[in-house]
Amino acid sequence: MIGAIECVCKNNLAYDFNFIAMCVGRAPAMGGFAMLSEGFDAVATPGAALRAGVHAALHRLAEAPAGGLAEAMAALAAPDCQWRAAHPMNAAAGNAAAEAAIWGPLKHAFGDLERRDDILVAGVYRGATYIAACGRYIGTMRGDWLGIPATGGAAQIRYGEVWRLGPDGRADQANLLWDVLDLMRQAGVWPLPPSMGVEGAWAPPFTADGVRLVPSDPAEGRASIEQTLAMHRTLAEFDDRGSLSREALIAMPQADHWHPKMMWFGPAGIGTTRGLDGFVDGHQLPFRIAFHRPQGTFEEVTAERARHGAGHYIRIGDGPYSVTGGWPSVYAVHAGPGFCGMPPTGRPVFMRVMDFYLHHEGLIRANWVPLDMLDLLAQMGVDLLARMRLLLARG
């Protein structure tokens, strides 16, 4: 697979989907090789007009004055849009409720808010059209937000967002993973032990081509999501209970997909890592020790997640980018120690996660991972907002 994709990326040749499928380890199926990205329609990628329209509407909403929120929201989302947001906002049914619970409080705290997209891609999965974006809101934090005290200075809220579009081009579902914990860090009210990775702002794609306002080659997009899901297969089929160690994680087949200079940008509480060894040390090994997930083949693990209501609602590729996400995506049992310094609780947990990937030189060069940490920790019995309030009360 690596040689095939690298050749295409460098020489702009046509992809051979059957060859790619063979190289990622799929068995032959009727009429060719089954694709891991079944359900993704590479040819039906949204056009430039739709991409530009949604992109502009997203920026208008971010910069709308408090009195103009309703109008800006109506241009972006249908009145009965299903809004899903990070904890403690969680959910709002319709634009009016979302204005009251999500956008109104944000604009009250950040009157000069603006939006900076680092990645904006589009695709069709299981018949639904999606726009997915990763970046940060920037502004002056002059008011409190979600109980986080105003800093009076510049602050940013990094985001992963997936917008499902209805027939009229407006969103009928919004998925907003905003890194609330990272803003707590900026406000000086950190409620956790030090992170294993490095905390701080995420870097944008070094290729500087993340905002895809023009449709990409469908074949390249197909190859990107295929490589992501092939890597996911290696993660799903690794035997945590029998083989979990630093050396085994570094040596297992995920190594075939990650670039030597890979960057893994994790949420606040986990942090950023570099290289496969840094990824294993700073996130993957402690995470797998703490969270016992379903075991088996990729198909068995996927089925067990689905049985618990977890899995992907989006799997798309757009040029050298791919996106997956679930609400929730991951089901596991918190059965081991160490994650964020917490002892095991034995509780089942569900994780709201998005993954944005950059594919470069035939490999996965970067992975940005919005994850709802406040929601996850709450399932483990830890209320990070309550911890913050205690810190503030103590002065």
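**Core first.** I looked up the largest nonpolar core and found 84 residues in it. By nonpolar core I mean buried Ala, Val, Leu, Ile, Met, Phe, Trp, Tyr and Cys residues joined through side-chain atoms within 4.5 Å. Buried is under 20% relative accessible area, exposed is over 50%, and partly exposed lies in between, with a 1.4 Å probe and protein chains only. Trp-83, Trp-103, Trp-145, Trp-178 and Phe-339 have the most contacts inside this core. Its largest share, 6 residues, comes from helix 10 (residues 275-290). Apart from this core I noted another one of 31 residues, with Ala-42, Tyr-130, Phe-298 and Ile-316 among them.

**Ground rules.** I keep in mind that this is a predicted model, where local features need pLDDT of at least 70 and side-chain atom pairs count only at pLDDT 80 or more, while totals for chains, interfaces and linings use all residues. Residues are numbered from 1 along each chain as its sequence is written, and side-chain values use heavy atoms, with hydrogens and water left out.

**Trp-145.** What does Trp-145 touch, leaving aside neighbours within four places in sequence? I get Met-89, Pro-105, Leu-106, Ala-109, Ile-157, Trp-178, Val-180 and Leu-183. Contact here is heavy atoms within 4.5 Å.

I traced an open, mixed sheet of 7 strands in the order 3-6-7-8-9-4-5. Strands (E, at least two residues) and helices (H or I, at least four) are DSSP runs, numbered from the N terminus; two strands pair if DSSP finds at least two bridges between them. Strand 3 (40-41) and strand 5 (91-93) are the edges, each pairing on one side only.

**Strand 8 and its partners.** Is strand 8 mostly covered or uncovered? Mostly covered, I find: 9 of its 12 residues are buried. Strand 8 runs antiparallel to strand 7, with 12 bridges joining them, and Trp-163 is the bridge partner of Ile-131. On to strand 9: strand 8 pairs with it in the antiparallel sense over 7 bridges, and Arg-164 stands opposite Gln-173. Their hairpin has 5 residues between the strands, and Gly-169 there takes a positive phi near 85°.

**Strand 4 and the helices.** Strand 4 (residues 77-85) pairs with strand 9 (residues 171-178) in the parallel sense over 5 bridges; Ala-85 stands opposite Leu-176. Helix 5 (residues 95-109) packs on the sheet, and its direction makes about 65° with that of strand 4. Helix 4 (residues 69-76) lies across strands 4, 8 and 9, at about 95° to strand 4. For these angles, axes are lines fitted to C-alpha atoms, for helices over the stretch in contact, and angles run from 0 to 180 degrees between N-to-C directions.
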